[in-house]
Number of protein chains: 2
Amino acid sequence: MRFAEASAVWQVDEETWKAEVQPGWDIFGVSNGGYLMSIAARAMSEASDGRLPVSVNAQFIRPVSAGPVEVSVGTVKVGKSFSTLRATLSSDLDSLVLLGSFASPGSLRDDVTYMTGEPPDTPSPDQCVRALPGVDAPLPPPLMDKFEERIHPEDASALEGRPTGVARVRGWFRFLDDEPLDPFGLLLAADAFPPAVFNANLPLAWTPTIEMTTHIRATPATEWLNCSFNTRFVTGGFLEEDGEIWDEEGRLVALSRQLALAPR
Amino acid sequence: MRFAEASAVWQVDEETWKAEVQPGWDIFGVSNGGYLMSIAARAMSEASDGRLPVSVNAQFIRPVSAGPVEVSVGTVKVGKSFSTLRATLSSDLDSLVLLGSFASPGSLRDDVTYMTGEPPDTPSPDQCVRALPGVDAPLPPPLMDKFEERIHPEDASALEGRPTGVARVRGWFRFLDDEPLDPFGLLLAADAFPPAVFNANLPLAWTPTIEMTTHIRATPATEWLNCSFNTRFVTGGFLEEDGEIWDEEGRLVALSRQLALAPR
């Protein structure tokens, strides 16, 4: 099933959308956070007459399993260029609460007026390590067959239980079957790689996301996304993971940051 | 007036707090965003029986001027360690909407298990440039007399209209009269420096914040905060500003990121 179908929403009434969280878009039964954000953002986008996400913040309060969910959306403000919306994604109980800014497609510019930092220097996809669901191992999780992910050879050993010591994961992402990447796909891609902290020499344990924000800077113009995820600080029981997503033409398309519980 | 007093809230009913946005905590009449976040977070903290902010996201939808405001707070979930809350700060109209995670003070740890990156190598406060409100100039704004801010000599020339070319501002922050810094003060400090982009060679213009997230990692144990703010990407009409805040003992106390409109 293509991502667009797996993340589709249907309007029920003025403030309510329903969706079907699909099996397989999960890690050991817990649906992927970026996938759930993309479902909620589709409802928020429809509620704002098709404006597209510029920034989406989600607080993850309960895990979601495959099955029907409801997204209730409230409009905070409709401005000339931006709309601000709130949303709640619920299965039996509220599971995600979100705030987001959405902009009309025509108001987005494509200029670059200042840039330090550049795309990661990752070898081409065919020189990287394909992340495929493990047959005998818990990693990578089944989710990895829903898209194509190729990990930088220097960062890939965490997949086999040998962390590099540097909490970083770089790699390429694309959808299967030439499905194009839109802003909703970027919300997924920003949370679709193995946690960067798996490459730190720390216990390999679940790192539940408390909250995540993704900024959409541009629509990708190429097939592959060049992604980099870094954790710099595991302190006080928390860690941040910062993501940068570029297209193949060197266009910055998204920045993400999540706060998660440190492995222990 | 001390920060604690300027950001105080009074409960009106189970879901409503009132506050008085003070004059002078503004930039040309528009109240500072971090100051407003601290007011809302105090109401959210009281609504969660004194749990303290771990992560606060605010969407800035309308400017706020000095005067009475109301904060309505909703509890999304009360967990064993974390509470998730939503809030709206309104004067006549809704001006800020927020989501936040709050934790019981006892559940916060002070360990460091992984760290790359270190505090900025800023000279001691007495070797830095004091940012004081301009007498004849628009910069620095009047807000700067509400706390003490000392800018890294290499980054300070933006205050005089001579950008360095690198969108970075490093410096020290403390409250006046030995007022201690708590998590609410960190929400202010994360938005209290001149925009890093003022040091880029771009038009010196208003950069309205669309949304901002601050993560509180620890309570500062020292008087001064060692702060660094960086903008790496001004693209598509947007910029991010990332903040790192440390105490004098090298403890990371907060990370922040905001999305703002690029100057034009």
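This is a predicted model: local features need pLDDT of at least 70, side-chain atom pairs count only at pLDDT 80 or more; totals for chains, interfaces and linings use all residues.
Chain A is superposed on chain B by a rotation of 180 degrees with 0.0 Å of shift along its axis, at an RMSD of 0.0 Å. That is the relation of a two-fold axis, and the same surface serves both copies, since 100% of the contact residues of chain A recur in chain B.

Strand pairing also crosses between the chains: strand β9 of chain A (residues 112-115) is joined by 3 bridges to strand β15 of chain B (residues 233-235), and the two run antiparallel. Within this pairing, Tyr114(A) stands opposite Val234(B) in β15(B).

Turning to the domains, the assignment for chain A gives domain 1 (1-105) and domain 2 (120-264), and the C-alpha centres of these two domains of chain A lie 21 Å apart. Their contact takes 26 residues from domain 1 of chain A and 23 residues from domain 2 of chain A. On the side of domain 1 of chain A that touches domain 2 of chain A, the elements giving two or more residues are α1 (3-6), β3 (26-27), α2 (33-47) and β5 (52-60) of chain A; β5(A) gives the most to that side, with 9 residues. The residues of this side of domain 1 of chain A divide into 14 nonpolar, 9 polar and 3 charged.

| Strand | Partner strand | Sense | Bridges |
|---|---|---|---|
| β2(A), residues 16-21 | β6(A), residues 67-78 | antiparallel | 6 bridges |
| β6(A) | β7(A), residues 82-90 | antiparallel | 8 bridges |
| β9(A), residues 112-115 | β15(B), residues 233-235 | antiparallel | 3 bridges |

The strands β6(A) and β7(A) form a hairpin with 3 residues between them.

Which residues have the most contacts inside the largest nonpolar core? That core has 163 residues, and those with the most contacts inside it are Ala40(A), Val71(A), Ala40(B), Val71(B) and Leu225(B). Residues up to four places away in sequence not being counted, Val71(A) touches Val9(A), Trp17(A), Ala19(A), Ile39(A), Ala40(A), Ala43(A), Ala87(A) and Leu89(A). In soluble globular proteins, nonpolar side chains tend to be buried together.

In chain B, Trp17(B) lies in strand β2 (residues 16-21) and counts as buried because it has 24 C-beta neighbours inside 10 Å, the cut-off being 20 or more. Apart from neighbours within four places in sequence, Trp17(B) is in contact with Val9(B), Trp10(B), Gln11(B), Val12(B), Ala43(B), Glu46(B), Val71(B) and Val73(B). Trp17(B) and Pro194(B), 177 residues apart in sequence, are 30 Å apart in space, C-alpha to C-alpha.

Ala158(B), by contrast, is found in a loop, between β11 (148-151) and β12 (168-174) of chain B, and is buried, with 23 other C-beta atoms within 10 Å. With neighbours within four places in sequence left aside, Ala158(B) is in contact with Pro163(B), Thr164(B), Pro194(B), Phe198(B) and Asn199(B). Ala158(B) and Phe198(B) are 40 residues apart along the chain, and their C-alpha atoms are separated by 6.0 Å.

Definitions and conventions:
Residues are numbered from 1 along each chain as its sequence is written. Chains are lettered from A and ligands numbered from 1 in the order in which they are written. Copies are superposed by least squares on the C-alpha atoms of residues with pLDDT of at least 70 in both. Two residues are in contact if their C-beta atoms, placed from the backbone, lie within 7 Å. Domain bounds come from an automatic or database domain assignment. Helices (H or I, at least four residues) and strands (E, at least two) are DSSP runs, numbered from the N terminus. Ala, Val, Leu, Ile, Met, Phe, Trp, Tyr, Cys and Pro count as nonpolar, Asp, Glu, Lys and Arg as charged, and the others, Gly among them, as polar. Two strands pair if DSSP finds at least two bridges between them. A nonpolar core is a set of buried Ala, Val, Leu, Ile, Met, Phe, Trp, Tyr and Cys residues joined through C-beta atoms within 7 Å. A residue is buried if 20 or more other C-beta atoms lie within 10 Å of its own, exposed if 12 or fewer, and partly exposed in between; C-beta atoms are placed from the backbone.
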